[in-house]
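Student: I'd like a close look at one part of this model, the place where the two chains meet. Could you walk me through it and then follow the charged pairs wherever they turn up?

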Amino acid sequence: MKRLFYLYFLLIAFSACESPADVELSPSTPTLVVDAFINDRSEDQFIILNFSQSFFSNEQYQPASGALVAIADDQGNPPLLFTETGNAGEYVWQPTIDKPTIGDVGANFTLNIEFQGEVFTATTKMSRTTPIQEIQFYEEEIPFSDELIYEGRFTARDLPGLGDAYWVKTFWNGEFLGNPSELNIAFDAGLSPGGGIDGREFIIPIRAGINPTGEDEAFELGDLVKVEIHSISREAYNYFIELQIQTDRPGGFAELFAQPLANLDSNIRPLLNTDTQVLGFFSVSSVSQLEVTFTEDLIVAQED
Amino acid sequence: MSMRFTPISIRNTVFVHLKGKSQRIFTLLGFLLCFSMTVVAQDFTINGYVKDASNGEAMFGATIYIKELQSGQVTNAYGFYSVTIPRGKYNIEFRFTGYETILKEVSLTQNERLDIELEEAKTDLEEVVVTAEAENANVTNVEMSIERLDIKEIQRMPALLGEVDIIRSIQLLPGVSTVGEGASGFNVRGGSVGQNLVLLDQAPVYNSSHLFGLFSVFNPDAVSNVELYKGGIPAQYGGRISSILGVRMKEGNVKEFEGTGGVGLIFSRLSLEAPLIKDKASFIVAARRSYIDVVAAPFLNGERLFFYDLTAKANYKIDDRNKIFLSGYFGRDRFAFDANQGFSWGNQTSTLRWNHLISDKLFLNLTGIYSNYDYQLSFADRAEDSFKWDSNIRTVNVKPELSYFINPKNELTFGVDVVNYRFAPAEAFAVSAGEGTDIGLEDKQGLESSVFIANKQEINSKLSLEYGLRLSSFLYLGPTEVYDFGDAPAGERRPVIGQSTVDDNSVIEDFLNLEPRFSFRYQLNPTSSVKGSYNRMVQYIHLLSNTTASIPLDVWTPSTNNLDPQLGDQFALGYFRNFKDNQFEASIEAYYRETQNQLDYIDGADLLLNQFFEGDVLSGDGRAYGVELMLKKNAGKINGWASYTLGRTELKVDGINQGAWYPTRFDQTHNLKLVGFYEMNERMTFSSNFTLTSGTPTTFPSSRYSIQGFTVPHSDNRARNDVRIPTYHRLDLSLTLYAKKENRRGDKNFWVFSLYNLYARENPFSIYFNTSDEMPMPGNLVNTEATQFSVLGSVLPSISYNFKF
């Protein structure tokens with residue numbers, strides 16, 4: 001749908017234009033950021049602690065070192081410690097033979113961080129994910145030309161029962177598609193809780209939301225395409241939607257429909273309810289994945 | 001006879017004396033009474049219609065001035081007047097600026113019907129007039145805070161792409177603003193776009209724009225005049241907080257056939273009017289179609305982009321006391337990606353009206369209205385993968401209104417207004433991999449009923465009042481789904497805690513409100529006056545929009561058990577002064593409006609295709625205040641006006657800006673407009689306008705951080721709209737070139753050459769922040785940048801050719 005709007009305005013946009021804006025921003029207050037998205041894969045899990053910085057600064061973020069980071073569950077398991085073994089600010093937990101994954105679907109997890117004398121905490125639940133049946137590539141004509149491109153679509157069904165939310169991550173030749181316009185979030189089989197589409201194939205915008213959105217970027221024969229479906233809680237769904245609104249700013253005529261700038265709310269709070277600000281989010285997912293190499297038998301031809 | 005002084009006799013004596021005296025008094029009284037009864041019994045009514053002699057169009061606001069009584073009246077919107085005065089001989093002047101005055105000698109011995117036709121004055125360039133009202137109407141009329149534009153004024157203003165536009169013209173008036181090109185609608189005295197009631201022949205128009213605000217839906221060829229009430233709103237109008245924009249269609253030339261048209265760069269237009277029965281019935285049909293897709297066809301591949309509209313009206317004068325009108329509008333914007341996929345929206349309205357003279361003093365206007373606004377989206381590249389979404393709002397409205405011309409000092413109006421709403425926010429169907437799902441939302445119904453009564457009273461030669469009361473009610477009706485929401489921390493989404501189904505038309509929630517209206521005019525001397533007004537307005541339906549500008553996808557929704565009606569109280573006070581024999585008009589007007597139950601939204605609000613959207617809506621208070629200055633030159637070769645508004649509009653909502661007052665997205669502190677016309681000679685007229693408005697408020701980040709590889713902006717002071725984008729200013733110029741020869745009816749064809757945004761300023765619409773596409777230096781993170789977006793960044797020249805036949 002986005003491309004429709006862009007095309008529309010291209011046609012009547014005689015002279016719309018953009019230019020760099022010379023702005024003065026308010027001073028920045030470095031704030032603790034907790035990037036804690038972990039999952040049930042049997043691989044190293046990372047929680048990153050660092051500080052926010054001035055908006056125009058693109059230096060590496062200042063790490064928050066020396067914190068104690070642990071995740072406990074309500075299943076009676078001992079808490080899992082994350083340690084700062086490698087890079088500063090990166091806290092890792094490694095699976096072992098006794099504990100191959102962080103935990104199971106249905107369990108509630110609590111994150112506890114002790115940093116500079118203060119304790120921060122967050123809870124979340126790992127919900128169920130859904131398997132991916134296949135990934136196919138649909139022929140499409142490029143507008144204004146006769147060339148064909150391929151639109152990748154995965155096939156999967158939302159699990160029956162309202163309230164399942166998912167984050168679909170795509171890896172193209174090993175690289176994660178991390179552009180804000182490539183953020184692909186589903187609620188049940190649709191785009192939002194109010195839609196009420198449940199227990200069915202995901203709707204097209206989600207299934208086709210695995211394609212790269214950069215100019216002239218598209219899947220080609222021979223590419224390695226991996227799709228992962230991470231289950232997320234309802235709170236994490238809200239967080240991702242807000243995150244997409246705030247980071248996906250393509251400009252141009254999309255500015256006519258843009259929402260105002262707003263801060264993202266975190267689910268991590270100081271344990272003692274002090275005024276200390278914490279940014280970021282804690283989420284635990286169950287993951288399903290499918291990886292294919294784009295070969296001719298995966299092409300779905302155009303209908304006339 | 002001797003008098004014996006007994007008590008009784010004393011009493012009798014007194015009585016006799018008194019009786020004598022009283023007899024005389026009674027006789028005198030009786031004579032007076034009889035005389036005055038004769039006078040009362042000998043008041044007669046003169047009434048009738050004032051029309052334009054060239055085409056029979058009713059003249060609204062024509063003056064009927066009775067020299068002997070030194071008092072006058074104006075015709076109502078249908079050209080009707082009614083004056084009740086004592087028997088006698090009178091010289092009555094019928095006046096309308098730009099037309100030859102007609103003087104009638106009337107010997108009034110019975111009720112008279114006097115229909116008048118006024119001829120256009122042969123204009124001497126020195127007397128060129130811009131306004132269609134009596135010269136000092138701005139000083140003498142009781143109404144304040146109202147702007148009236150005649151179509152002739154609108155047609156002389158320079159316009160975007162050479163096309164005259166109603167909405168763009170009212171934006172040149174004080175108190176009216178817009179957030180910029182590309183925004184649909186307009187803002188009045190700091191009110192939002194959804195707080196204006198836009199009426200086309202009394203039918204509500206829910207989206208008044210084509211092409212995302214570049215043009216309005218009103219075809220100027222079919223428009224007779226435009227009225228904008230910014231304050232002092234009379235009791236016969238209600239339903240919106242901020243303003244009433246009434247666009248009145250022409251009735252159609254009842255004397256002979258007339259055609260008008262134009263060819264321009266974006267669209268062309270044609271309008272035809274003619275009598276159906278000479279002097280009794282006529283019609284007008286006006287059409288427009290844009291053809292940018294036709295022009296761009298070689299570059300397109302099945303895409304279509306166009307708009308069209310059709311405006312039509314017919315009227316029939318049954319007899320001297322009865323006239324009926326039927327008018328309608330049908331328009332559509334369509335963008336189609338290909339044969340199966342696209343996006344379209346449009347309004348349809350129709351109005352049926354009956355004017356009936358119940359008696360010589362009692363005028364009835366009974367109106368039946370239908371209005372529908374809908375939009376459709378569809379995507380379907382394959383049968384097993386498709387998506388279709390239809391949304392509409394439909395209203396049916398009946399309005400009987402009566403005007404009772406009690407005497408020259410009192411005009412009473414009263415009536416009823418019943419509006420039935422049906423909101424269908426989403427009929428939507430998604431087919432995915434062959435499986436279909438109904439993802440629509442349930443319809444909602446509402447019934448808004450009002451009764452009003454008002455009186456325009458001339459207390460004495462200096463003081464006039466208009467006071468009235470409107471009682472309005474709204475019923476939120478089934479069948480529909482009803483939701484209950486729980487609490488949440490301020491600014492967060494409220495959870496749904498209950499849901500129930502209502503199967504029939506029962507009342508789910510009801511609201512009742514009293515809306516007093518008052519305005520006064522105190523005439524200090526013939527050239528200056530002081531006016532003041534107070535009105536309370538209530539708005540029962542709401543336009544949901546959480547984007548920067550209003551877009552066609554915005555949803556109208558009724559008040560419910562979760563959304564209260566909006567309330568507004570506005571005070572206004574102004575001083576009006578004319579100079580140099582009414583050649584200059586000046587005014588200064590201050591306003592203050594307080595509003596309650598104003599809508600704002602949580603961050604990340606989900607307003608489309610969401611049955612629980614009410615949980616994302618926040619409610620707060622609003623206030624808007626300001627001063628409007630206007631200086632207008634009406635006569636001479638060079639004329640025009642300067643308007644300046646200094647204003648502020650703010651909201652206070654729990655959960656936004658930490659609960660403190662913050663400016664709205666359309667708050668513009670300074671708003672200056674200079675409009676000038678220079679009638680160089682018979683063939684050429686230059687016109688120019690200059691607009692300068694303060695930059696609108698916005699929110700900037702101060703920090704950034706990273707989450708899962710995404711760079712997130714953050715505002716450390718958590719303020720909303722605490723910064724402003726740069727100032728907007730723009731100069732437009734146009735030249736109207738008339739043909740040498742007049743055509744059959746005395747009109748001339750003409751060219752319009754115009755330059756919009758003469759010095760090519762890139763006026764910012766918004767400033768946004770995101771990450772840059774450039775590769776960062778090794779060792780550095782991705783760059784972030786701030787970009788200014790302008791909708792129009794260069795000068796836009798255009799040409800159009802306009803003809804009449």
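Student: To start, what is the count of salt bridges between chain A and chain B?

Tutor: Keep in mind that this is a predicted model. The count between chain A and chain B is zero. Polar contacts do turn up across the interface, with 20 residue pairs found where both partners reach pLDDT 80 or more.

Strand β4 (residues 53-54) of chain A pairs with strand β44 (residues 703-707) of chain B, in the antiparallel sense and over two bridges. For A:Ser54, the bridge partner in β44(B) is B:Ser703.

Now for the charged pairs. Side chains of opposite charge can pair when their charged atoms come close. Over all chains, the structure holds 43 salt bridges. One of them joins the side chains of A:Glu140 and A:Arg153, at 3.9 Å from N to O. A:Glu140 sits in strand β10 (residues 132-141) of chain A and A:Arg153 in strand β11 (residues 148-156) of chain A, so this pair ties together parts 13 residues apart in sequence. A:Glu140 counts as buried because its relative accessibility is 11%, under the 20% cut-off. A:Arg153, at 1%, counts as buried too.

Over in chain B, B:Arg353 and B:Asp201 meet in a salt bridge, again with 3.9 Å from N to O. B:Arg353 lies in strand β23 (residues 342-357) of chain B, while B:Asp201 is in the loop between β12 (196-200) and β13 (203-204) of chain B, so the pair ties together parts 152 residues apart in sequence. Both B:Arg353 and B:Asp201 are buried.

Then there's B:Glu628 with B:Lys230, a salt bridge at 2.9 Å, N to O. This pair links distant parts of the chain, 398 residues apart: B:Glu628 is in strand β38 (residues 617-633) of chain B, and B:Lys230 is in the loop between β16 (223-229) and β17 (243-249) of chain B. B:Glu628 and B:Lys230 are both buried. They also belong to one network, in which salt bridges that share partners join B:Glu147, B:Arg189, B:Lys230, B:Glu589 and B:Glu628.

Notes. Residues are numbered from 1 along each chain as its sequence is written. Chains are lettered from A and ligands numbered from 1 in the order in which they are written. This is a predicted model: local features need pLDDT of at least 70, side-chain atom pairs count only at pLDDT 80 or more; totals for chains, interfaces and linings use all residues. Side-chain values use heavy atoms; hydrogens and water are left out. A salt bridge is a side-chain nitrogen of Lys or Arg within 4 Å of a carboxyl oxygen of Asp or Glu. A polar contact is a pair of N or O atoms within 3.5 Å; within protein, one must be able to donate a hydrogen and the other to accept it, and residues adjacent in sequence count only if both atoms are side-chain atoms. Two strands pair if DSSP finds at least two bridges between them. Helices (H or I, at least four residues) and strands (E, at least two) are DSSP runs, numbered from the N terminus. Buried means under 20% relative accessible area, exposed over 50%, partly exposed in between (1.4 Å probe, protein chains only).
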